[in-house]
Amino acid sequence: MWAAGAVKVRRCLAATSVPLRRCLKLGAAMAKSKFEYVRDFEADDTCLAHCWVVVRLDGRNFHRFAEKHNFTKPNDSRALHLMTKCAQTVMEELEDIVIAYGQSDEYSFVFKRKSNWFKRRASYVFYWRDYFEDQPLRYPPGFDGRVVVYPSNQTLKDYLSWRQADCHINNLYNTVFWALVQQSGLTPIQAQERLQGTLTADKNEILFSEFNINYNNEPLMYRKGTVLIWQKVDEVMTKEVRLPAEMEGKKMVVTRTRTKAVPLHCDIIGDAFWKEHPEILDEDS
C-alpha cells in the first residue's frame, strides 16, 4: 500500500509544472533578525539585455531511459514526436519564444530580445501515453538546462546551425551503427571499431553498398531535426448555432484562424529558411 502511494505521489510530482529560471534572482524579503546577514550571499545572475536568450534542455542519462522504455533504434519517431509536442506546449504558454529547434533528446528555445519571461514548464510525463500507448512509463526522465545569450543575429543563426549539423553527424553515425548491429549481427563494440576513423562518405558507402540504404532518403525529421515556428493555421470545427426564432439548433462548420507553433523539418543552415521567415530575426523582437 505504501509503495503504491509512493508511486502515485511521484507521478503527481512528475506531472506538476516545473519552473526553469532564466535569471536567478533570490531577492525574497526576509524578516528582520540576526540571520538577515545571509542575504549577502545572494547573487543576481541576470542575462545581458538586448541579446537573444537561448534555453537548451538536454536529456540527462537518456541512454538508460531509452533502453528501459524500449526505444526503437536508431530513431524512435514516438519519442521525437513527444518531445515536439512538449516543445509546442512550452511555446504556446510562452509566446516570447520566436523559434525552437529540437533533435534527439534536446530542445533549444530562443526568446525575443526584449523578453522578460523567466519560467518554463515541462509536459513530457503528461503526454507520454499519447505516444507510447503500449509502453508504461517506469520512471520520469530528467533534463538538464542551460542558458546562453547571443549578441547578434548571425551568432544565433550559427548556434542553430551548429545544433542541426550535430543532428546530421549523430544520426548518420547511429544509422550505420545500428544497421551493423541489427542487420549484420555485429556486437556494439565491433560496430564501433568498424566505424572508427570513417568519414561521412565512408558511412554513406557502407549504408548503400551493404544495406541498400540511401541516407538522403531517410526521413527529414531524423536528418534535419525539428524546427518550431509561429504560423497562422485554419482550424475547422463544428458548432451548434441556435437562432432566436428556432427551437432546435443547427450544426454549422466554422473556420477559425489561430497562430500556432508549427513543426517543420527543413534546412536552417542555409539562407533560404531565414529569407522565407524574416519575422523571426525582426529587430523589434
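## Glutamine 88 and its surroundings

A polar contact here is a pair of N or O atoms within 3.5 Å, one able to donate a hydrogen and the other to accept it. With that in hand, look at glutamine 88 in this predicted model: a polar atom of its side chain lies 2.8 Å from the backbone oxygen of alanine 261.

Glutamine 88 sits in helix α3, which covers residues 77-93. Its relative accessible area is 16%, so it falls under the 20% cut-off and counts as buried. Setting aside neighbours within four places in sequence, glutamine 88 is in contact with Leu228, Ala261 and Pro263.

## Aromatic pairs

There are 15 aromatic pairs in the structure. Take phenylalanine 65 and phenylalanine 71: the ring centres are 6.0 Å apart and the planes meet at 85 degrees, which makes the pair edge-to-face. Both of these phenylalanines are buried. They also belong to a cluster linked by ring pairs, along with Phe62, Trp128, Phe132, Tyr139 and Phe143.

## A pair in helix α5

Over in helix α5 (residues 153-182), tyrosine 159 and tryptophan 162 are three residues apart, so about one helical turn separates them. Their rings pair up edge-to-face, with centres 5.8 Å apart and planes at 65 degrees.

Note on methods: Residues numbered from 1 in each chain as written. Predicted model: local features only at pLDDT ≥ 70, side-chain atom pairs only at ≥ 80, totals over all residues. Heavy atoms only, no water. Helix = DSSP H or I, 4+ residues; strand = E, 2+ residues; numbered from the N terminus. Buried < 20%, exposed > 50% of the residue type's maximum accessible area, 1.4 Å probe, protein only. Contact = heavy atoms within 4.5 Å. Phe/Tyr/Trp six-rings, centres within 6.5 Å; stacked < 30°, edge-to-face > 60°.
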